[in-house]
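Here is a short briefing to read alongside the model. Keep the viewer open and follow the residues as they come up.

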Amino acid sequence: MPALVIALIALALAIAALSLAIAMTRRIGLRDPVAVPPLWRRVLRIRPLPAMDLGAATERSDRQERVAFIANPTKANVAELREQALRACAIRYLPQPMWLYTTPDDPGVGQAREALAAGADLVVAVGGDGTVRAVAEALAGTGVPMGILPLGTGNLFARNLDLPLDDPAALLRTVLEGGERLSDVGWLELVRSPDGEGEGDRHIFLVIAGAGLDAEMVAGATDQLKRRLGWLAYFFAAARHLGKRMDATIAVDAEPPAESTMRTVLLANVGRLPAGLRLIPDASFDDGRIDVAAIDARGGLVGWTELFGVVVAKSSGIREPWLLSVLQTSRIDYATGERIDIRIREPQNVQVDGESMGRATRLRASVQAGALTLRVPRSSLPDPSPTAGDPPD
């Protein structure tokens, strides 16, 4: 009997040692796949580093491109990503990159400006949509490219750029070797006075800003809830505010203002949400316009079910199912323009790219077309226009 106990203990220790060895080998392999023998790379399914684009890498190495990373230190895996970034720059013969951290008082604007003053040729936002927005605020209009290493809950702007969210090596390759596209940015001025007059505080947005239900949802999603549930935390936070509606007047460019009752009003630079849903199908980050969506749902659960069905249908390319158009318990009214002016009868919570901005009575939005240069996968670059002598396809 004692021999059996000793054997079981030995087996348990052997299994624990094997598990530890596998975990350590995988961790080493994720940092440097070449350090792990090929057989073990195959057994442990460690992916090799993506092939380098020698043309892009050589061009930027010859220019001695200086890279600055602006990182949110509260995000997981930042230290490991920093190590990978240093190695990625070194193997491309780039100068040692700058690495700056955001603070509670400065989410990235000051650090990005510091990087520009130090001569950065590329500034990379390492964090969630809040960090990306802060870095973009400093870079908009400068012509200096911005890269993104998304580490947030939603990563909505990165999703709309088709970045490889779950592949750090591919993300670094995109940042250092990718192509460049111009993106619009939106600017939102919030007037908080009871009469909705006067000057307001100004904020940049890259994804979606809004007032009403979506802002209540953002305000109610705590950091603890987001850590546990991810982007689903926002849906649980919204459940407490499904019964609220608001009265607002919306003016688009020089068109006469229209008054309506709604659950929420959204101002979008892009329209894709997690799970592939396209809340605002026509929104594009490079069309020089802001898309507006006024959303309402009535009839309790029936109205919200219909609204969800409409969003899913449009995400699949179906304009609107016949049955849902007959029920008429919910609606989404769309408009698009370069300047949007929204007056709200009662002060409402406002959010900008997932950050709560408090209450306001008036929202004035405008677009700065092509203000931001982005590093994106070369596969996502638009096809070059045919020259005059090229025959049509």
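Setting aside residues up to four places away in sequence, Gln348 touches Ala211, Gly212, Met246, Gly358, Arg359 and Ala360. Gln348 belongs to strand β13, which runs over residues 339-352. Bear in mind that this is a predicted model.

**Around Gln348**

- Is Gln348 buried or exposed? Its relative accessibility is 14%, and because buried means under 20%, Gln348 counts as buried.
- Thr361 is 13 residues away from Gln348 in sequence, and their C-alpha atoms are 6.6 Å apart in space.

**The overall picture**

- The protein has 13 helices and 14 strands.
- It has 393 residues, and 46% of them count as buried.
- Taking contacts between residues at least 6 apart in sequence, 69% join residues at least 24 apart.
- The accessible surface comes to about 20,000 Å², and carbon and sulfur atoms account for 58% of that surface.

**Salt bridges**

- How many salt bridges does the structure hold? There are 17.
- One of them pairs Arg133 with Glu355, with the closest N and O atoms 2.3 Å apart. This pair links distant parts of the chain, since Arg133 sits in helix α6 (residues 129-139) and Glu355 in strand β14 (residues 355-376), 222 residues apart.
- The two partners can be compared by accessibility: Arg133 counts as buried at 6%, whereas Glu355 is partly exposed at 36%.
- Strand β14 also supplies Arg364, which forms a salt bridge with Glu189; here the closest N and O atoms are 3.0 Å apart. Glu189 lies in strand β5 (residues 179-191), so the bridge ties together parts that are 175 residues apart in sequence.
- In this pair, Arg364 is partly exposed, with a relative accessible area of 22%, while Glu189 counts as buried at 16%.
- A further bridge joins the side chains of Arg362 and Glu197, at 3.5 Å from N to O. Arg362 is in strand β14 and Glu197 in the loop between β5 and β6 (201-205), which places the partners 165 residues apart.
- Arg362 is buried, with a relative accessible area of 8%, and Glu197 is partly exposed, with 41%.

- In soluble globular proteins, nonpolar side chains tend to be buried together.
- The largest nonpolar core here has 63 residues, and Phe69, Val123, Met146, Leu149 and Phe157 have the most contacts inside it. Helix α6 gives this core its largest share, six residues.
- Beyond its neighbours within four places in sequence, Leu149 is in contact with Phe69, Leu81, Val124, Ala125, Val126, Gly127, Leu171, Leu172 and Val175.
- Another core lies apart from the largest one; it has 25 residues, including Leu188, Leu190, Leu363 and Ala365.

**Ala134 in helix α6**

- Ala134 is placed in helix α6, and at 5% relative accessibility it counts as buried.
- Leaving out neighbours within four places in sequence, Ala134 is in contact with Pro107, Gly108 and Val109.
- The C-alpha atoms of Ala134 and Asp106 are separated by 8.6 Å, and the two residues are 28 apart along the chain.

**Helix α4**

- Helix α4 covers residues 78-91; at 1.5 Å a residue its 14 residues should span 20 Å, which agrees with the 20 Å between its end C-alpha atoms.
- Which residues of α4 are buried? They are Val78, Glu80, Leu81, Gln84, Ala85, Ala88 and Cys89. These residues cover an arc of only 165° around the axis, so they are on the same side of α4.
- The general rule behind such a pattern is that an α-helix has 3.6 residues a turn, so residues three or four places apart point the same way.
- Just after α4 comes Tyr93, which takes a positive phi of about 55°.

Note on methods: Residues are numbered from 1 along each chain as its sequence is written. This is a predicted model: local features need pLDDT of at least 70, side-chain atom pairs count only at pLDDT 80 or more; totals for chains, interfaces and linings use all residues. Side-chain values use heavy atoms; hydrogens and water are left out. A salt bridge is a side-chain nitrogen of Lys or Arg within 4 Å of a carboxyl oxygen of Asp or Glu. Helices (H or I, at least four residues) and strands (E, at least two) are DSSP runs, numbered from the N terminus. Buried means under 20% relative accessible area, exposed over 50%, partly exposed in between (1.4 Å probe, protein chains only). Contact means heavy atoms within 4.5 Å. A nonpolar core is a set of buried Ala, Val, Leu, Ile, Met, Phe, Trp, Tyr and Cys residues joined through side-chain atoms within 4.5 Å. The expected span of a helix is 1.5 Å times one less than its number of residues. The arc is that of the directions from the helix axis to the C-beta atoms. Accessible areas come from the Shrake-Rupley method with a 1.4 Å probe; for residues, only the protein chains shown count as cover.
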